[in-house]
Amino acid sequence: MAETRSCEFGISAKKRAAAADGFEGDDDIFVAKKSMLPTLAVAPPSWESDPAASLASLRHEFGEHGGVNMSIEASATFTVMEPETMRRMFTGELGPDRDFFIYSRHFNPTVLNLGRQMAALEGTEAAYCTASGMAAISSVMLQLCSSDGHVVASATLYGGTHALLTHFLPRICNITTTFVDITDHEAVKNAIVQGRTNVLFFESMSNPTLTVANIPELSKLAHDKGAMVVVDNTFSPMVLSPARLGADVVVHSISKFISGGADVIAGAVCGPESLLNSMMDLHQGSLMLLGPTMNAKVAFELSERIPHLGLRMKEHCLRAMEYATRMKKMGLRVVYPGLEDHPQHHLLKSMANKGYGFGGLLCVDMELEEKATRLMHHLQNSSQFGLIAVSLGYYETLMSCSGSSTSSELNSEEKALAGISPGLVRMSIGYTGTLEQKWSQFERAIYRMEVGSTLFNKN
């Protein structure tokens, strides 16, 4: 196996003097005194188990000239004072933990700062931010699984992830996947083959059915058989902290709730420092060699949004809970983990970070696609309750019929196994306008839909 030559994580706010970096200077030639451990490797105190507290404990990054916001390092390449320094950088002797940078596909100061925020958010040692959520998932799977590798995964996943595991990885790498009902722990246990299965992969809240995974129990099952646990936490940032519940790796599509603006595409891998460094290995690292690099300007924008993520999530969740309760009283078939009749309501309550609610998404099952289509038409075009669009986490409510959109990669049998009905409408609840104003818009759409249905039946 090739020698590992990867740069350690951690970065200072400004370029430090050589001696302060653990080097003694002599005519600009520095001799290493000792390795410097990245600050992210230090576990936060127990009172910082709340993601907001962990984020607040991070060092504040100031701008180059003292600005309250950090500067954007938009350079693709970085200069050094002496040729010898570059040689030592490429051997891994000098790296971003000592504020030495080579090229932004490797490491960039602005992107690394966002990585520190993501690691604090998820309670992991380190994090690396990518150009998309799928880039994050693909890179992790390719790093943890070799040719002939085996994955056990939830049968209910985002369509793109399902396609990656079902079609792409088997064809390109001969990595196969066994899909299981993630709530059937006996089936999960039987599917994981000790010595063969590399990864157990699932979503903390499944897309789109909102099934909640028992992260502690599933992590124990996987670890007992030597498999790594990778959890997609895109649906529930702040609400759930999978790494604190036993997961090894947490992946995100930052494009969703964390961004909140539906204006950038981004992802993140959060996990052990050793894994992230292996993914940046010059010879065998999936992140280093595939290059799913995040733009520094995107990283800057996202880093400015994370401090108010907790406030936004609380409002998303509060409204989702209120709407789900009222929709159920109207007689609609509602799926929401905050409702007591949800199969995993008490499980989520036991795992969730206190004060953030039960998630910002709900589903209305209209059973038939034609009914789902009419509902969304009236909600958007008759009352302006929300927008017909894929994705989630936006400040406006977004709606889509999952079976014919974000889960369309699944065939009919796979959709049935995943519990996705043809008329399942997924709603990402926004927070614009007042709660009562938006609810009146929902009621108006339902009324018009019922009137239209009555007139249609008479004719």
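Author: The protein has 15 helices and 14 strands. Both are DSSP runs, numbered from the N terminus: a helix is a run of H or I with at least four residues, and a strand is a run of E with at least two. What you are looking at is a predicted model, in which local features need pLDDT of at least 70 and side-chain atom pairs count only at pLDDT 80 or more, while totals for chains, interfaces and linings use all residues. Residues are numbered from 1 along each chain as its sequence is written, and side-chain values use heavy atoms, with hydrogens and water left out.

Let's start with how much is hidden. Of the 459 residues in the protein, 54% are buried. Here buried means under 20% relative accessible area, exposed means over 50%, and partly exposed lies in between, with a 1.4 Å probe and protein chains only. The protein exposes about 19900 Å², and carbon and sulfur atoms supply 55% of that area. These areas come from the Shrake-Rupley method with a 1.4 Å probe; for residues, only the protein chains shown count as cover.

Now for the inside itself. A nonpolar core is a set of buried Ala, Val, Leu, Ile, Met, Phe, Trp, Tyr and Cys residues joined through side-chain atoms within 4.5 Å. The largest such core has 89 residues, and Met118, Met327 and Met427 have the most contacts inside it. Helix H11, residues 309–329, gives the most to this core, with 7 residues. A second, separate core has 32 residues, including Tyr128, Ile137, Cys145 and Val249.

A contact means heavy atoms within 4.5 Å. Leaving out residues up to four places away in sequence, Met118 touches Ala127, Cys129, His252, Ile254, Ile258, Ala268, Cys270 and Ile306.

Ile137, from the second core, brings us to helix H4, residues 133–144. H4 is mostly covered, with 10 of its 12 residues buried. Among the buried ones are Gly133, Ala135, Ala136, Ile137 and Leu144. From first C-alpha to last, H4 reaches 17 Å, close to the 16 Å expected at 1.5 Å a residue. That expected span is 1.5 Å times one less than the number of residues. At the start of H4, a side-chain oxygen of Ser132 comes to within 3.0 Å of the backbone nitrogen of Ala135.

An α-helix has 3.6 residues a turn, so residues three or four places apart point the same way.

With cysteines inside, how many disulfides are there? The count is 0, where a disulfide is a pair of cysteine sulfur atoms within 2.5 Å. Take Cys173, which is buried at 18% relative accessible area. Its closest cysteine sulfur is in Cys145, 9.1 Å away, so the two are too far apart for a bond. Cys401 is buried too, at 5%.

Thr177, in strand S5 (residues 176–180), counts as buried at 18% relative accessibility. Apart from residues up to four places away in sequence, Thr177 touches Val151, Ala153 and Leu165.

Finally, look at the backbone in some loops. Most residues other than glycine have a negative phi, and most peptide bonds are trans. In the loop between strand S6 (197–203) and helix H7 (215–224) you will find Pro208, joined to Asn207 by a cis peptide bond with omega of about 5°. Leu210 lies in the loop between S6 and H7, and its phi is near 60°, a positive value in a residue other than glycine. Is Leu210 buried or exposed? Leu210 is buried, with a relative accessible area of 0%. Ala262, in the loop between strands S8 (249–253) and S9 (267–271), has a positive phi of about 50°, but counts as exposed at 54% relative accessibility.

Notes: Polar contact = N/O pair within 3.5 Å; in protein donor to acceptor, adjacent residues only side chain to side chain.
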